[in-house]
Amino acid sequence: IILLFLIILTTGILVTNILGRRLVALWEKLLNRIPGFNNIYNILKKVSDTVLNTSSQSFKKAFLIQYPSKGIWVIAFQSGDYRGEAESIIGEETINLFVPTTPNPTSGFFILIPKKNAFELDISVEDAFKLVISAGVVTPNSVKIKDKK
């Protein structure tokens with residue numbers, strides 16, 4: 001246990017300083033030279049940087065919607081504020097949602113639905129992601145729908 005702790009501590013110290021950043025950059029360069037793997041690695045890196053970056057506006061809220069058909073409920077994440085032509089065609093206020101697939105949330109579906117059909121959940125985006133990634137095994141203490149205003 002002490003050895004594991006020391007390895008983790010040393011890795012953390014190395015990564016947080018200049019030498020560590022250079023080692024990580026060298027490692028990434030090496031990974032990018034592997035044919036086929038470089039595309040997968042870069043996509044996963046971009047998605048994880050976006051999703052795990054708390055200062056970004058990647059996913060704002062978690063919602064419960066009926067998708068792909070009525071009676072089937074899934075968790076979706078608000079992904080942006082696009083209005084544009086789609087809203088004028090639908091004729092109602094819309095919401096942009098990303099419906100991730102389980103257990104790989106880097107794939108999924110981008111959908112626009114009327115805002116009245118999306119129910120905001122009273123849990124954090126992180127807790128909702130844990131629920132999706134674990135296929136419902138890891139659940140938050142409670143999941144409630146926020147009051148619609």
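# Exercises on a predicted model

E28 sits in helix α2, which spans residues 18-32. The structure is a predicted model, and the exercises below refer to that model.

## Exercise 1: Contacts of E28

Task: state which residues E28 touches, not counting residues up to four places away in sequence.

Solution. 
- Step 1. With those sequence neighbours left out, E28 touches Y41 and K45.
- Step 2. For E28 and Y41, the separation is 13 residues in sequence and 9.0 Å in space, C-alpha to C-alpha.

## Exercise 2: The largest nonpolar core

Task: find which residues make up the largest nonpolar core and which element gives the most to it.

Solution. 
- Step 1. The core has 12 residues in all: F59, A62, I75, F77, F98, L121, I123, V125, A128, F129, L131 and V132.
- Step 2. Two elements give two or more residues to this core, namely β2 (73-80) and α5 (125-133).
- Step 3. Of the elements, α5 gives the most, with 5 residues.
- Step 4. Another core, of 9 residues, lies apart from this one; F63, A76, L97 and I111 are among its members.

## Exercise 3: The buried side of α5

Task: list the buried residues of α5 and say where they lie around the axis.

Solution. 
- Step 1. The buried residues of α5 are V125, A128, F129, L131 and V132.
- Step 2. Around the axis they cover an arc of only 160 degrees, so they lie on the same side of α5.
- Step 3. After α5 comes A135, with a positive phi near 60 degrees.

## Exercise 4: Aromatic pairs

Task: classify the pair F59 and F129 and the pair F77 and F129, and say which parts of the chain each pair ties together.

Solution. 
- Step 1. A pair of aromatic rings is described by the distance of the centres and the angle of the planes.
- Step 2. The model holds 6 aromatic pairs.
- Step 3. For F59 and F129 the values are 5.6 Å centre to centre and 50 degrees between the planes, and the pair is tilted.
- Step 4. F59 lies in the loop between α3 (37-52) and β1, while F129 lies in helix α5, so this pair ties together parts that are 70 residues apart in sequence.
- Step 5. The rings of F77 and F129 have centres 4.3 Å apart and planes at 10 degrees; planes under 30 degrees apart count as stacked, so this pair is stacked.
- Step 6. F77 belongs to strand β2 and F129 to helix α5, so the pair ties together parts that are 52 residues apart in sequence.
- Step 7. F59 and F129 are both buried. The relative accessible area is 0% for F77, which is buried, and 8% for F129.
- Step 8. One aromatic cluster is formed by F59, F77, F98 and F129.

How values were computed
Residues are numbered from 1 along each chain as its sequence is written. This is a predicted model: local features need pLDDT of at least 70, side-chain atom pairs count only at pLDDT 80 or more; totals for chains, interfaces and linings use all residues. Side-chain values use heavy atoms; hydrogens and water are left out. A nonpolar core is a set of buried Ala, Val, Leu, Ile, Met, Phe, Trp, Tyr and Cys residues joined through side-chain atoms within 4.5 Å. Buried means under 20% relative accessible area, exposed over 50%, partly exposed in between (1.4 Å probe, protein chains only). Helices (H or I, at least four residues) and strands (E, at least two) are DSSP runs, numbered from the N terminus. Rings of Phe, Tyr and Trp (its six-membered ring) pair if their centres lie within 6.5 Å; planes under 30 degrees apart count as stacked, over 60 as edge-to-face and the rest as tilted. The arc is that of the directions from the helix axis to the C-beta atoms. Contact means heavy atoms within 4.5 Å.
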